[in-house]
Amino acid sequence: MEQFLFFFIALVAVASAVYFVFARNPLYAILSLVVTFFSIAALYVLLNAQFLGIVQIIVYTGAIMVLFLYVLMMLNLNAKDESKKQNLTKFIGIFSAGILFVGMLGAYKGLSQSNVVQNIDSSIGLTKNLGKLLFNEYVLPFELASILILAGIVSAVLIGKKDL
């Protein structure tokens, strides 16, 4: 049952991602991207990475998609404003997708059953283990990243502020 659920959610994620690429209406494209992000979060939960699933929902589905929708509303795109894609752009996109498909096919053929790990530790994706690893072994990079993010926020406020 779990394997069926995994493949169903993966199919939904891939289908909504493909619809995102080929959608003509930007609003429908963004909504299909939301479905893709929720599907990826569900895949994380199925793979016993609950923390990553919740972060996926909060950060990407919540914050990033609200930003996309805000920009879409600010731009006020209409169907008549959309420019037609040139044939060269379409050809480059199809060629790139073909190369990606060939690469994935080669990776699939190179995969053998002997390389697959049979004994999987069920506590790998848990938040407790992630917290221990993050605050013991990787505490310095974690704190440096937080200082970098804080500097970016302060810089954005100073740039956006008219008067100091």
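The legends below describe an overview and several close-up views of a predicted model. Residues are numbered from 1 along each chain as its sequence is written, and side-chain values use heavy atoms, with hydrogens and water left out. In this predicted model, local features need pLDDT of at least 70 and side-chain atom pairs count only at pLDDT 80 or more, whereas totals for chains, interfaces and linings use all residues.

**Figure 1. Overview of the protein chain, with six helices and zero strands.** From the N terminus on, the elements run α-α-α-α-α-α. Helices (H or I, at least four residues) and strands (E, at least two) are DSSP runs, numbered from the N terminus. Of the 164 residues in the protein chain, 13% are buried. Buried means under 20% relative accessible area, exposed means over 50%, and partly exposed lies in between (1.4 Å probe, protein chains only). The accessible surface comes to about 13,500 Å², and 73% of this surface belongs to carbon and sulfur atoms. Accessible areas come from the Shrake-Rupley method with a 1.4 Å probe; for residues, only the protein chains shown count as cover. Among contacts between residues at least 6 apart in sequence, 56% join residues at least 24 apart; contact means heavy atoms within 4.5 Å.

Figure 2. Not counting residues up to four places away in sequence, Ser32 touches Ser16, Tyr19 and Phe20.

**Figure 3. Ser39 of helix α2 and Leu11 of helix α1 (residues 2–22).** Ser39 is buried, at a relative accessible area of 7%. Leaving aside neighbours within four places in sequence, Ser39 is in contact with Ile9, Val12 and Ala13. Leu11 counts as exposed, because its relative accessibility is 56%. The C-alpha atoms of Leu11 and Ser39 are separated by 9.1 Å, although the two residues are 28 residues apart along the chain.

**Figure 4. The loop between α2 and α3, which contains Asn48.** Asn48 is not a glycine, yet it has a positive phi of about 65°.

**Figure 5. Aromatic pairs, which number three in the model.** Phe37 and Tyr60 form a tilted pair, with 5.5 Å from centre to centre and 40° between the planes. Phe37 lies in helix α2 (residues 26–46) and Tyr60 in helix α3, so this pair ties together parts that are 23 residues apart in sequence. Phe37 counts as buried, at 14% relative accessibility, whereas Tyr60 is partly exposed, with a relative accessible area of 39%. The rings of Phe135 and Phe142 have centres 5.2 Å apart and planes at 80°, so this pair is edge-to-face. Phe135 is partly exposed at 47% relative accessible area, and Phe142 is partly exposed at 32%. Rings of Phe, Tyr and Trp (its six-membered ring) pair if their centres lie within 6.5 Å; planes under 30 degrees apart count as stacked, over 60 as edge-to-face and the rest as tilted.

**Figure 6. Ile58 in helix α3.** The relative accessibility of Ile58 is 56%, so this residue counts as exposed.

**Figure 7. A nonpolar surface patch of about 760 Å².** The patch is made by Leu67, Phe68, Tyr70, Val71, Met73, Met74 and Leu75. Patches are made of residues with over 30% relative accessible area and no salt bridge; like charges are joined within 9 Å, and nonpolar side chains (Val, Leu, Ile, Met, Phe, Trp, Tyr) within 5 Å. A salt bridge is a side-chain nitrogen of Lys or Arg within 4 Å of a carboxyl oxygen of Asp or Glu. Among the residues of the patch is Phe68, which is placed in helix α3 (residues 50–75). Phe68 is partly exposed, with a relative accessible area of 37%.
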